Amino acid sequence: MSIAINPIPLRIIPVLDQDFRPAIIENKAFLKTLDDFGEYAPVWFAIEREEGQTAVYHTKVFPEGLGMDEANFKYIERFIKTALWIKGGWRIIFSGPESIFNYLKKAYSSDGLRAFDAAFMGRVYERPFIVEMAKGRTAPETFEKAEPAGGNLNGCRIGFDAGGSARKVAAVQDGKVVFSEEVIWYPKIQTDPDYHYQEIRSAIRKAAGYLPRVDGIGVSSAGIFVNNRVMVASLFLKVPLELFEEKVKDIYLRISKELGNIPVEVRNDGDITALVGAMSLNDTGILGIAMGTSEAAGYLDGNGCITGCLNELAFVPVDFNPRAMTDEWSGDYGCGVKYFSQDGVIKLAPAAGIEFDEKLSPAEKLKVVQELMANGDDRARSIYDTIGVYLGYTIPYYAQFYDIKHLLILGGVTSGQGGNVILNKAAEVLKLEFPDLAEKIKLHLPDESDRRVGLAIAAASLPVIK
């Protein structure tokens, strides 16, 4: 016996990607078919991270013995992967059908389907990644911490945004930007971490020349940071592991020490994106998405606090089409990095009829599309229109994991006229497909200057100056 999952057609189809299968719609179809069937097996899982913090989720699947194992596996695997990259953790505790547990156990083994995910989390939390069956039927209580961050504008500050294609720096004195600069660099192809050190130090020193003194340094960067140390970051992708341990983990602390032990605070650029929103909107409950070299995200909860979650939406699957483009780093398909970044723009260009000189860097290819858009090219517009549809169907999926009042997008992909096309199309999808969320969630796009150097300016507000 096997039950067919009844598909739910999209009311707005992305013009350049007819095969797009949004996570929210695919899950809705699975659960509706399950409800129509009338029987189910309950499932809960918990993800544990540092200091015993635990996120708990409840759902349901088809009972075993119905020929629905493959559908069950896909639904739970995508669900857990999403929660894992949003929350972060070193252990999954699972309660549900044994066949699903065995599938997960194998998937997160050293040679399994999600070996990358397991190894990544093990590196972040510096302990082996574990998948285990729950010992009882009762799920643990959710336990998570949060801390206030940023918004400090007193004194003389430097903010540095370590983007994958461009580094930005700003000097801020008592809340006023007295200097800002954006410089193209190539950190992701460099094997020598001294390149990164010299580039970062040069930017910070230049900004310092516009201030009477430096009271604090704030850093926004893609990656995962613990106590201002770099645990994992794509900027250092080519740096050998032994050199990473020796010269990268403490790179910002070394620069701080060289400049006179100036206080430094390092945060993921997604969290700084959310902070940009909080500072400009004077509100909380903000999910910020930076569409740049990758997709970075951050979240400020209803109390205006950073939750300590990973918020690595670049690795979250947003398209369940198994033929969707694969992320080279994680080896998985349909992940956000190929939809909400310069990779997403480049991916869609051939379908739009745009060809690039392959000698161009990804940042230069993005610039080509931006220039075409500025000149009214319909091919370029179709790219941003498609990304807007992607976003419109993805916001409701994110909203299942975040309580969102405001969604803010910025980063290089949103620069120029393309950002407005993305936001307007996303709003159209929300209004048509998800009217309740369209009423609740307000979409925002900062002005052009904030989109380019906003992360650096917000990062400057991180240190608390005594």
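Helices (H or I, at least four residues) and strands (E, at least two) are DSSP runs, numbered from the N terminus, and the axes used here are lines fitted to C-alpha atoms, for helices over the stretch in contact, with angles that run from 0 to 180 degrees between N-to-C directions. This is a predicted model, in which local features need pLDDT of at least 70 and side-chain atom pairs count only at pLDDT 80 or more, while totals for chains, interfaces and linings use all residues. Residues are numbered from 1 along each chain as its sequence is written, and side-chain values use heavy atoms, with hydrogens and water left out.

**View 1. Helix 5 packs with helix 7.** Helix 5 (residues 193–208) and helix 7 (residues 251–258) have axes 11 Å apart and an angle of about 45 degrees between them. That makes helix 5 oblique to helix 7, where angles under 35 degrees count as roughly parallel, over 145 as roughly antiparallel, 65 to 115 as roughly perpendicular and the rest as oblique.

**View 2. Residues at the contact of helix 5 with helix 7.** From helix 5, Pro193, His196, Tyr197, Ile200, Arg201, Ile204 and Arg205 meet Ile251, Tyr252, Arg254, Ile255 and Glu258 of helix 7, contact being heavy atoms within 4.5 Å. The residues of this contact divide into seven nonpolar, one polar and four charged; Ala, Val, Leu, Ile, Met, Phe, Trp, Tyr, Cys and Pro count as nonpolar, Asp, Glu, Lys and Arg as charged, and the others, Gly among them, as polar.

**View 3. Lining of the second largest pocket.** Strand 12 gives the largest share of this lining, four residues. The lining residues, which have an atom within 4 Å of a point of the pocket (an open set on a 1 Å grid over the protein atoms alone, where a 1.4 Å probe fits, with protein on both sides within 12 Å along at least five of seven lines), divide into eleven nonpolar, seven polar and eight charged.
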